Amino acid sequence: MTEPEAAPAAASAPDSRNLVMRIAAAAVLIPLAVAIAYAGGFLWAALVTLAAIGLFVEWLAIVGLAGAMRVIVPGVAALAIAGICFAFGRLDAALIVLAVGFVAVVAIAPERRNWAAAGFLYAAAAEIASVLVRLDSVKGFAALMFVLLIVWVTDSGGYFAGRGIGGPKLWPRVSPKKTWAGAIGGFAASLAVAIGFAVFDLGRIGPLLMLAGVLSVASQLGDLFESAVKRRFGVKDSSHIIPGHGGLMDRLDGFVAAVVVAALFGLLRGGADGVGRGLMVW
């Protein structure tokens, strides 16, 4: 084997190992997430709260505030207390606590105040939206699974389409590896999820296709947003907590954007206690 031939072979080995790690982590985390989503209630609120806290802490690490305990403590405390309120069905109390937490973070942040505030809003939005989508006792689980599946297939479809087809880059300055082929492949995969839900009589095909397309685009924009923030601060991964995936933000960036859009859409159609029906019933 010549030296030019050896270089690609050596480069592909880490990629193969990374793919194996991604698949192994997904094989453990996805069934666990689905089981907790199905249980709903306290368990789902607890998982969402832990994830929101992780997102906030990772965001602060990315923007250079990893050791700013005076910012971390009130932000984490607000997210945790809000999670307890959510678990007991007190949405009003949770929103008040998060509002107080936001004011505290903004007032106390010693530097990069705008970035600290943005990080808290990012985590709080993820927490609120994730709880609201699952809250509906009739269609909450179906709506949540729809969002999760859209995000997962958009990510997987984009990964394999991008690597298999290649072609022009989507936004090379922000995310050098993402291609238009990957974006289109992920979008097409999301439509397949909508068709599957319609086949199993979980919604009407037209609205589901529209919703799937919107959520897939939101998921991809959320991914690009996180990439832009990391590039702004010269960070590759938000952390290394998940093997093959990096940190929570690396794994949940698309979900955060998609679930927030889904919650807003469902809220407008079904109200605070009918977000699931607002998404799935037409």
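Among contacts in the chain between residues at least 6 apart in sequence, what percentage join residues at least 24 apart?

1. The share is 67% for contacts in the chain that join residues at least 24 apart, among those between residues at least 6 apart in sequence. Contact here means heavy atoms within 4.5 Å.

2. The structure is a predicted model, in which local features need pLDDT of at least 70 and side-chain atom pairs count only at pLDDT 80 or more, while totals for chains, interfaces and linings use all residues. Residues are numbered from 1 along each chain as its sequence is written, and side-chain values use heavy atoms, with hydrogens and water left out.

3. The chain holds ten helices and two strands. Both kinds of element are DSSP runs numbered from the N terminus: helices are H or I with at least four residues, strands E with at least two. From the N terminus on, the order is α-α-α-α-α-α-β-β-α-α-α-α. The radius of gyration of the chain is 19 Å, close to the 19 Å that the globule rule gives for 282 residues, so the chain is as compact as a globular protein of that length. That radius is taken over C-alpha atoms, and the globule rule is 2.2 Å times the number of residues to the power 0.38. Along the principal axes, the C-alpha atoms fill a box of roughly 65 × 50 × 30 Å.

4. Of the 282 residues of the chain, 46% count as buried. Buried means under 20% relative accessible area, exposed over 50%, and partly exposed in between (1.4 Å probe, protein chains only). The accessible surface of the chain comes to about 13,700 Å², of which 71% belongs to carbon and sulfur atoms. Accessible areas come from the Shrake-Rupley method with a 1.4 Å probe; for residues, only the protein chains shown count as cover.

5. A search of the whole structure finds ten aromatic pairs. In one of them, phenylalanine 146 and phenylalanine 197 have ring centres 5.0 Å apart and planes at 80 degrees, so the pair is edge-to-face. Rings of Phe, Tyr and Trp (its six-membered ring) pair if their centres lie within 6.5 Å; planes under 30 degrees apart count as stacked, over 60 as edge-to-face and the rest as tilted. Phenylalanine 146 lies in helix 6 (residues 140-165) and phenylalanine 197 in helix 7 (residues 180-199), so the pair ties together parts that are 51 residues apart in sequence. Phenylalanine 146 is buried at 1% relative accessibility, and phenylalanine 197 is buried at 9%.

6. Tyrosine 159 and phenylalanine 160 have ring centres 5.2 Å apart and planes at 90 degrees, so this pair is edge-to-face. Phenylalanine 160 counts as exposed, at 52% relative accessibility.

7. One aromatic cluster is formed by Trp59, Trp115, Tyr122, Phe225 and Phe233. The charged end of arginine 232 sits over the ring of phenylalanine 233, 4.8 Å from its centre. A charge sits over a ring if NZ of Lys or CZ of Arg is within 6 Å of the ring centre and within 35 degrees of the ring normal.

8. Aspartate 250 belongs to helix 9 (residues 248-270) and is buried, with a relative accessible area of 13%. Its side chain makes a polar contact with the side chain of lysine 230 (2.7 Å). A polar contact is a pair of N or O atoms within 3.5 Å; within protein, one must be able to donate a hydrogen and the other to accept it, and residues adjacent in sequence count only if both atoms are side-chain atoms.
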